[in-house]
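Student: I would like to go through this model with you, starting with a charged side chain and then moving to the sheets. Shall we begin?

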Amino acid sequence: MIRILSLLLLCVFAAACSPGGDKPKEEASAQASGSYERGPNNGRLLRDGDFALEVTIYETNVPPHYRLYAYRDGKPVAPADVVATIKLSRLDGEVNQFTFTPEGNYLVGSGEVIEPHSFDVAVSAEHAGKKSTWSYQSYEGRVSIPAGIAKDAGIKTESAGPAVIRDVVRLMGTVVLDADRHAAVGARFPGIVRSVNVQQGERVRRGQTLAVVEGNDSMRTYPITAPFDGVVLARNTNVGDVAEAGALFELADPSNVWIDCAPLAPMPKP
């Protein structure tokens, strides 16, 4: 593990120092150290002739958002006199667009600058009939590794996307009947069981007659029917039995079941 970490650190160092990267050494060094020109509010100062725009991300006790400060000949410009936009292009292709409205002595962005703060920035500002545009890279936590070094280190990358992790996952558990499709069926009125029409294990349909009972009070027979499609799990009666409060049949629908998985046992200690 130590050897792998050392190798990765070596790759990162080599990539940062490599002259074969996309940016010159001076630009990469300036970006890493934050050594660009800063304005009075410690933001990035962008210049176009005598006009300048200071770009800051404010996040003290609030969600991160842009604040812009405009200057002409080094003097503050009224925020209401400037129309500005910022477009952020992220590594995954997502683009965030911000417009700005005056607030106090600055322009405030129209939304939160979500993490990570790592993107290509395009800034546009219009003042006194003149439009100025700038673009720069604001990368946070990015590292470039040249293809040759990555190959030597055995580093491989693939595009993220849906894929089958495993075809079969073996788990220990218990098959449990769906409580909404499990019923104990009894007689509505006490009486004598005159006929039983099903056997244990038999599949029945909703409304099918399971048994016929003769009521004690009315002396009339009535059917006991299945409340849903399912299987007779238990038959607790025979012809001639007295049907009272107990269940005569137990029904369930095994086409819909739950798997109650037991927690995996801890691995034995060596």
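This is a predicted model: local features need pLDDT of at least 70, side-chain atom pairs count only at pLDDT 80 or more; totals for chains, interfaces and linings use all residues.

Student: Which residue does R181 meet in a salt bridge?

Tutor: The partner is D253, and the two side chains meet at 3.3 Å, N to O. R181 lies in the loop between β10 (173-177) and β11, while D253 lies in the loop between β18 and β19 (257-261), so the pair ties together parts that are 72 residues apart in sequence.

Student: And D253, buried or exposed?

Tutor: D253 counts as buried, because its relative accessibility is 10% and the cut-off for buried is under 20%.

Student: How many salt bridges does the structure hold?

Tutor: The structure holds 6 salt bridges. One of them joins the side chains of R47 and E37 at 2.8 Å, N to O. R47 lies in strand β1 (residues 44-48) and E37 in the loop between α2 (25-33) and β1, so this pair ties together parts that are 10 residues apart in sequence. E37 counts as partly exposed, at 39% relative accessibility.

Student: Why would such side chains pair at all?

Tutor: Side chains of opposite charge can pair when their charged atoms come close.

Student: Let us turn to the sheets. What is the strand order in the sheet that contains β11?

Tutor: The order is β11-β18-β16-β13, an open sheet of 4 strands with antiparallel pairing. β11 (182-186) and β13 (203-204) stand at the edges and have a single partner strand each, so one side of each is left without a neighbour in the sheet.

Student: How many bridges join β11 to β18?

Tutor: There are 5 bridges between β11 and β18 (residues 247-252), and the two strands run antiparallel. Within this pairing, A183 stands opposite L251 in β18.

Student: Which strands make up the sheet that contains β12?

Tutor: That is an open sheet of 4 strands in the order β15-β14-β12-β17, with antiparallel pairing. Its edge strands are β15 (221-225) and β17, each of which pairs on one side only.

Student: What does β12 pair with, then?

Tutor: Strand β12 (residues 191-196) pairs with strand β14 (residues 209-215) in the antiparallel sense over 5 bridges. V193 has V213 in β14 as its bridge partner. β12 also pairs with strand β17 (residues 242-243), again antiparallel, over 2 bridges. Here G191 stands opposite A243 in β17.

Student: How many bridges lie between β14 and β15?

Tutor: β14 and β15 pair over 5 bridges in the antiparallel sense. T209 has T225 as its bridge partner in β15.

Student: Back to charges for a moment. Which residue meets R194 in a salt bridge?

Tutor: The side chain of R194 meets that of E214 at 3.2 Å, N to O. The pair links distant parts of the chain, with R194 in strand β12 and E214 in strand β14, 20 residues apart.

Student: What is the relative accessible area of R194, and is E214 buried or exposed?

Tutor: R194 is partly exposed, with a relative accessible area of 44%. E214 counts as buried, at 16% relative accessibility.

How values were computed
Residues are numbered from 1 along each chain as its sequence is written. Side-chain values use heavy atoms; hydrogens and water are left out. Two strands pair if DSSP finds at least two bridges between them. A salt bridge is a side-chain nitrogen of Lys or Arg within 4 Å of a carboxyl oxygen of Asp or Glu. Buried means under 20% relative accessible area, exposed over 50%, partly exposed in between (1.4 Å probe, protein chains only).
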